Amino acid sequence: MRYEDILSQRIQNLNPSGIRKFFDLLQEMEDTISLGVGEPDFQTPWHIREAGVYSLEKGFTRYTSNAGLMELRREISAYMDRHYHLSYDPETQILVTVGGSEGLDLAFRALIDPGDEVIIPVPSFVCYGPMVEMAGGVPVYLEMKEENQFRLTPQELAPLLTKRTKALLLPFPSNPTGGIMEREDLEAVARVLEGTSVMVVSDEIYAELTYGGLNHVSMANLPQMQDRTIVINGLSKSHSMTGWRMGFACGPAPILAQMIKLHQFGIMSAPTTSQYAAVEALRNGDRDVVNMREEYDGRRRFLVSGLRKLGLSCFEPKGAFYVFPCIRGLGLTSDEFCERLLLSQGVAVISGSAFGPGGEGYVRCCYAASMQDLTKALDRIGAFLKELKP
């Protein structure tokens, strides 16, 4: 049987994640240090785990409302107001999702008709383009530049807007670059969108991880853009809850109603135990977030300084937990650099080319690792760079 004749052509045409092959190599090696996985190295704080355990002990194991526990939606509403000065009605404007990724998928499928275009700034998270394609849309990639601190500029955006443009994806703080958008940057983008009906899908999963005294600003904070912005967030990065798969979407009630419809047919409801843990995280976890952010900030400065001392040009990231050093001039592609570094020194970093156009010539290093591992990794990267010299 020829399965290629049976399987969806759209899905077959999708390229697999460029990150996966490095993880597969890593599994087969010993004495390795991974700066590749975009996952906090902290345990979920105990009081959050305890809330999940307690919910099981109490027998809270049934389905919840499709949109999520009302108690949790109220906590999300309070959290968004407290942290970002955004007001959402827990009854109609908040949906609890299975991680931020499900929220993105629902947003794209709720918005896109076949052939609609979605502008995606790159380098960025590997899933955005495939999600748009799986929804029947056309990803239009906009390359951000290091000289612009990997920010989206209105000059780059304006030429890409067409009659088919349905949405703009805002991936800030950015995975993989660590770039951010400040209020004046967002205001400039909003002016370009005036007179259009283009929606904004804002992935703010790293919103709590901004540094240097900067506070995250959402496109939804702009009064003229709140009713045109779907905010996707979650607890994976901020509260170190990746495996709990706890995300949420906030936005205009008519759009959320359609996203909930998709969610109820495909998922039913997010995991009940995780929802009870999330209530505790949002209600009593602010100090945990601050402690982790302070630790990441120290690692960020250490890794940036260390890479620069090794001679690698390195943009200073202001958000997330990634550094995106430039390896142009070393005579290797990003893929070659990553594979040879892993095989020679046992250090795993991710090729910038995995994150779309504009990523070639860079590699992503995740500093959600211990200072001991970061120190060892820098020593090994230094040894590898010496190997490359003639």
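Predicted model: local features only at pLDDT ≥ 70, side-chain atom pairs only at ≥ 80, totals over all residues.
1. The protein chain holds 13 helices and twelve strands. The C-alpha trace of the protein chain spans about 65 × 55 × 55 Å along its principal axes.

2. The radius of gyration of the protein chain is 21 Å, and a compact globule of 390 residues would come out near 21 Å, so the two agree. Of the 390 residues in the protein chain, 55% are buried.

3. On contacts: among those in the protein chain with a separation of 6 or more, 75% join residues 24 or more positions apart.

4. On charge: the protein chain carries 38 positive and 48 negative charges. The mean position of the positive charges and that of the negative charges are 1 Å apart.

5. Ser 34 belongs to strand E1, which covers residues 33–34. Is Ser 34 buried, partly exposed or exposed? The relative accessible area of Ser 34 is 29%; buried requires under 20% and exposed over 50%, so Ser 34 counts as partly exposed.

6. Two further distances involve Ser 34. A polar atom of the Ser 34 side chain lies 3.2 Å from the backbone nitrogen of Gly 36. Asp 373 is 339 residues away from Ser 34 along the chain, yet the C-alpha atoms of Ser 34 and Asp 373 are separated by 8.4 Å.

Key: Residues numbered from 1 in each chain as written. Heavy atoms only, no water. Helix = DSSP H or I, 4+ residues; strand = E, 2+ residues; numbered from the N terminus. Rg over C-alpha atoms; globule rule 2.2 N^0.38 Å. Buried < 20%, exposed > 50% of the residue type's maximum accessible area, 1.4 Å probe, protein only. Contact = heavy atoms within 4.5 Å. Lys, Arg positive; Asp, Glu negative; His and termini not counted. Charge placed at Lys NZ, Arg CZ, Asp CG, Glu CD. Polar contact = N/O pair within 3.5 Å; in protein donor to acceptor, adjacent residues only side chain to side chain.
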